[in-house]
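Me: Hi, could you walk me through this structure? I'd like the plain version, please.

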Amino acid sequence: MTTTTPATLPTYDRFIEPLLRFLAGRPEGAPAREAHEAAADALGLDAAARQQPLSSGAQLIYKNRAGWAHDRLKRAGLSDSPRRGWWQLTEAGRRFVAEHPAPLTPEQLGTLAMVHLDVQRLRPVAPDAGPDEAAGVPPQPIASPEERLGLALEEIRRAVVAELLDTLATVTPAFFETLVLDLLHRMGYGANRADLQRVGGSGDAGIDGIISLDRLGLEKVYVQAKRWQGTVGRPEIQAFYGALAGQRAKKGVFITTSGYTAQALQFAQSVEGIVLVDGLGRLVGWRRDNVRRQGYSGNSLCCNEFSG
């Protein structure tokens with residue numbers, strides 16, 4: 001069974017012709033939502049494909065791509081939105097469809113998708129470029145502006161994570177443990193910084209930090225933060241579980257700069273109260289989401305992961 005991903009969905013230029021044909025059959029126009037579904041039907045998108053969201057989570061991908069396809073038709077003078085949420089072909093659009101009864105060629109779709117933009121392309125055309133490229137027809141699949149922005153932000157995030165991990169490899173264990181607690185506090189764990197206590201060092205019994213989730217300190221999360229070159233195995237997670245038992249603790253978070261073996265993951269899933277965070281990148285991602293998304297719960301790790 002093929003898994004549906006954003007990369008396997010039709011690019012927005014492929015929504016152009018289905019929209020043209022649908023609106024040509026509705027000379028009085030149609031609601032945008034109906035046009036979205038008609039284009040998706042024509043492209044053979046199943047229910048799973050129609051549930052794929054943009055990386056921002058703000059909109060479903062197929063609706064976003066249908067919207068950009070209609071934007072290109074409007075720029076070409078072939079369609080219009082006489083009122084909010086209503087799409088209708090112009091007289092020029094109806095003539096265009098009548099003059100092109102056969103499926104549009106890739107060159108024609110490329111012209112509609114790119115040439116009518118009122119902005120210059122971000123990269124210059126090579127002197128020896130072919131006619132399609134010189135005309136603005138992209139040689140690669142077309143992504144909508146939101147998707148290009150999402151890809152750029154993801155590339156930046158990955159670069160920041162990689163640089164962060166390289167830097168963390170050079171700091172002292174005490175600095176690393178303190179930094180992890182600082183990050184957890186900035187994510188919303190503990191009413192104030194004093195609620196996150198570093199206890200790492202010789203004789204720490206496998207516990208590097210303690211987070212008090214309430215002012216009385218009745219609910220605590222125990223943290224182990226380790227830099228690791230290879231993957232963390234089951235013995236290390238079992239040792240952490242034993243350290244939690246020694247503290248009569250019910251909640252523990254094991255954070256590493258690397259990853260975990262399958263056996264380590266299986267063990268953590270077989271017991272209650274342990275959350276594994278790999279690569280430290282997930283914490284960076286959660287922190288980013290805290291900034292970008294409204295409605296984020298600062299205690300999502302400590303509360304949601306342990307609920308059940």
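**Strands, helices and surface**

Reply: Happy to. Strand E5 (residues 209-212) and strand E6 (residues 220-226) pair in the antiparallel sense over four bridges. Two strands count as paired if DSSP finds at least two bridges between them. The strands (E, at least two residues) and helices (H or I, at least four) are DSSP runs, numbered from the N terminus. This is a predicted model, where local features need pLDDT of at least 70 and side-chain atom pairs count only at pLDDT 80 or more, while totals for chains, interfaces and linings use all residues. Residues are numbered from 1 along each chain as its sequence is written, and side-chain values use heavy atoms, with hydrogens and water left out.

Me: Which residue is the bridge partner of Ser 212 in E6?
Reply: Lys 220 is the partner of Ser 212.

Me: And what is the strand order in the open sheet of five strands?
Reply: The order is E4-E5-E6-E7-E8, with mixed pairing. Strand E4 (196-198) and strand E8 (274-277) are at the edges; each has a single partner strand, so one side of each has no neighbour in the sheet. From one strand to the next, the twist averages 20°. Angles here run from 0 to 180 degrees between N-to-C directions, and axes are lines fitted to C-alpha atoms, for helices over the stretch in contact.

Me: What packs on the sheet?
Reply: Helix H9 (residues 234-246) does, touching E6, strand E7 (252-256) and E8. The direction of H9 makes about 145° with that of E7. Contact means heavy atoms within 4.5 Å.

Me: Do tell me about E7 and E8: parallel or antiparallel?
Reply: E7 and E8 run parallel, joined by four bridges. Gly 252 stands opposite Ile 274 in E8.

Me: Are the faces of E8 covered or open?
Reply: Both faces are covered. Ile 274 and Leu 276 are buried on one side, and Val 275 and Val 277 are buried on the other. Buried means under 20% relative accessible area, exposed means over 50%, and partly exposed is in between (1.4 Å probe, protein chains only). In a regular strand, side chains alternate between the two faces of the sheet.

Me: Back to H9. Is Ala 243 buried or exposed?
Reply: Ala 243, which sits in helix H9, counts as buried because its relative accessibility is 11%. Ala 243 and Tyr 222 are 21 residues apart in sequence and 9.5 Å apart in space, C-alpha to C-alpha.

Me: What about the loop between H9 and E7, which residue is there?
Reply: Arg 248 is in that loop. Arg 248 has a positive phi of about 55° although it is not a glycine. Most residues other than glycine have a negative phi. Arg 248 counts as exposed because its relative accessibility is 79%.

Me: New topic: how many residues of helix H1 (residues 16-24) are buried?
Reply: Seven of the nine, so H1 is mostly covered. Among them are Ile 16, Pro 18 and Phe 22.

Me: Which residues form a nonpolar patch on the surface?
Reply: Leu 149, Leu 153 and Ile 156, with about 280 Å² of accessible area together. Patches take residues with over 30% relative accessible area and no salt bridge, joining like charges within 9 Å and nonpolar side chains (Val, Leu, Ile, Met, Phe, Trp, Tyr) within 5 Å. A salt bridge is a side-chain nitrogen of Lys or Arg within 4 Å of a carboxyl oxygen of Asp or Glu. Areas come from the Shrake-Rupley method with a 1.4 Å probe; for residues, only the protein chains shown count as cover. Leu 149 lies in helix H7 (residues 145-168).
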